[in-house]
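Good morning, and thank you for making time for this item. I would ask you to keep the structure open while I speak.

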Amino acid sequence: MLFERTKPLDLILETASKRSLSRQLGAFDLTMLGIGAVIGTGIFVLTSVAANKAGPGMMYSFVIAGIVCALTALIYSEIAAMVPVSGSAYTYSYAVLGEVVAWMVGWALILEYAVAAGAVSVGWSGYANGFLAHHGIGLPDFLTAGPFWVEHVKDVGAIVHMVDGVEHKGGFNLIAFLLALLVTWLLVAGTSKSAKVTAVLVMIKIVALLAFIVLAFPKVQGSNFEPMLPNGWGTPLSGVGVLGAAASIFFAYVGFDAVSTAAEETKNPNRNIPIGLIGSLAVCTVIYLFVAYTAVGSAGAQPGGALSESKEPLAFVLRDIGYPLIGDMVGWAAILALPSVVLMMMFGQTRILFTMSRDGLLPEKLAAVHPKYKTPHVITWITGIFVAFFAALFPVDILADISNAGTLFAFAAVAIGVMILRKTEPGRARPFKTPLIWIVGPLAVAGSLLLFFSLGWNPTIKFFCIWAVLGLIVYFLYARRRSHLAPGNAHLLQGHKAANLEPDPLVQEGPNAGP
């Protein structure tokens, strides 16, 4: 049952061609969208979280997370060029691993995209609220943080939930809520407009990070790297040390795979998708390594230190080394540019849900395309509303780690699927072919699993397990019998090659049969 109901690649391509989105994006657009999705809260905000877990060793954490993402980017490039349609890891899993696994991957991707969009919205609101307070027009504390606000403990970055005896000022993060709704409106207005806005915001972020590197690099001191590993390398499930920091800072790289969700809206996708995936990740990785080195070397990064406690770590470093105005400008750049990450994360989420709806696993009305803007407006507004409430109610670090869990699960599934396809369909055209697949593939799976378990059991992996069980319940109670591949639903494929589907022992014959 686990690997049944695979959807052949030819059928996926044929289905997409009959109800597709407008192809508007080129290689530059995709690269900018990828960078826009990647550079954001992870580097502007979560650098302090990594410092609290690993100290100067967070430099190794950036390298580990970057290697895992690089391996996965090579994998994604092969399958995205083969199947240039919306859906990303969900679609790829459907073609190889079957409907149940595909559903679980799609369900997990809600954590990657929707929850990540909420996390970035919260990270952005921290800068925005600080800016307003600095100018004497700050909002009341009640409107600057959600009710599930948490505090960090100085030792190993453990999390203390708000209980009796601990001050709790949060209520509803208004600015994060409004940002998510604004981005939703922009996405409904059109993909090409979103891409143009994103390109401008990407340039602002890159300039801010390059300015940080240029000014902080001369201030690097060797003494700031000692001790290099104050919390050691860490172990799986511990959530601390270099591995724990790598699992958290992985969020800084999340988003490059969102390029593949735009495949159906890309001109010449066989060429442009690999360029967008690998190009955006390469640019971001180089920038991150320089940022991490200069931040640690110029200001120090020991757990419990000033950098690890800052909510705006890069701006803090610049102020600390004598550039207060430039530090403020980096904060302003974050305010201007972080919305591009929210935009790309929500973009990816809506395209995945659009594809699941087109396959019958979600209500098909969600796949409605706006007659004027040619965007999936119904699912975009639904996604945007949910993201807005995520951002209004939850803190950034919890949202980021939960997002990482869903992403790493999807990465492992795609790597396994690509390796299986090499065996089952060796003759299929591959515009981009992953080099050394039998080395790259297993390493991508192993790296994803290592970071997944390094997130720590409580609350991240525990939440992921609860989310997975809920997903299985929804699948067997609703999605399974409404799938276009379910027995009795072949007519929904509109003449596609689906006549030879085997009977499903868990679903009675007929389009209206129950589970």
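I begin with a definition: a salt bridge here is a side-chain nitrogen of Lys or Arg within 4 Å of a carboxyl oxygen of Asp or Glu. Please bear in mind that the model before you is predicted.

How many salt bridges does the structure hold? There are 4 of them. The pair I would like to discuss at the outset is Glu78 with Arg430, where the closest N and O atoms are 3.0 Å apart. Because Glu78 belongs to helix H5 (residues 58–82) and Arg430 to the loop between helix H18 (396–424) and helix H19 (437–454), this pair ties together parts that are 352 residues apart in sequence.

Are the two partners buried or exposed? Glu78 has a relative accessible area of 1%, so it is buried. Arg430, at 14% relative accessibility, counts as buried because the cut-off for that class is under 20%.

The next pair is Glu425 and Arg428, whose side chains meet in a salt bridge with an N to O distance of 2.7 Å. Both residues fall in the intermediate class: Glu425 is partly exposed at 27% relative accessibility, and Arg428 is partly exposed with a relative accessible area of 22%. Salt bridges that share partners also join Glu78, Arg422 and Arg430 into one network.

A further salt bridge is formed by Asp328 and Arg319, at 2.8 Å from N to O. Asp328 is partly exposed, with 24% relative accessibility. Arg319 is likewise partly exposed, at 32%.

I now turn to helix packing. Two packed helices are described by the angle between their axes and the distance between the axes.

Consider helix H7, residues 99–134, together with helix H15, residues 324–337: they pack at an angle of about 125 degrees, and their axes are 9 Å apart. That angle makes H7 oblique to H15. As for handedness, H7 passes H15 in a left-handed crossing.

The second pair consists of helix H16, residues 339–358, and helix H17, where the packing angle is about 130 degrees and the axes are 9 Å apart. H16 and H17 are therefore oblique to each other as well. Which hand does the crossing of H16 and H17 have? This crossing is right-handed.

Let me stay with H16 for a moment. Arg358 is placed in this helix, and with a relative accessible area of 5% it is buried. From Arg358 to Ala368 there are 10 residues in sequence, and the C-alpha to C-alpha distance is 9.2 Å.

Trp381 is found in H17, and at 34% relative accessibility Trp381 counts as partly exposed.

Next, a contact between parts of the chain that are separated in sequence. Ile461 lies in helix H20, residues 457–482. Ile461 is buried, with a relative accessible area of 3%.

I close with two features of the backbone. As background, most residues other than glycine have a negative phi, and most peptide bonds are trans.

Pro227 is placed in the loop between helix H9 (191–216) and helix H10 (241–249).

The phi feature concerns Leu436, which has a positive phi of about 50 degrees although it is not a glycine.

Note on methods:
Residues are numbered from 1 along each chain as its sequence is written. This is a predicted model: local features need pLDDT of at least 70, side-chain atom pairs count only at pLDDT 80 or more; totals for chains, interfaces and linings use all residues. Side-chain values use heavy atoms; hydrogens and water are left out. Helices (H or I, at least four residues) and strands (E, at least two) are DSSP runs, numbered from the N terminus. Buried means under 20% relative accessible area, exposed over 50%, partly exposed in between (1.4 Å probe, protein chains only). Axes are lines fitted to C-alpha atoms, for helices over the stretch in contact, and angles run from 0 to 180 degrees between N-to-C directions. Angles under 35 degrees count as roughly parallel, over 145 as roughly antiparallel, 65 to 115 as roughly perpendicular and the rest as oblique. A crossing is left-handed if the near helix is turned anticlockwise from the far one by less than a right angle, and right-handed if clockwise.
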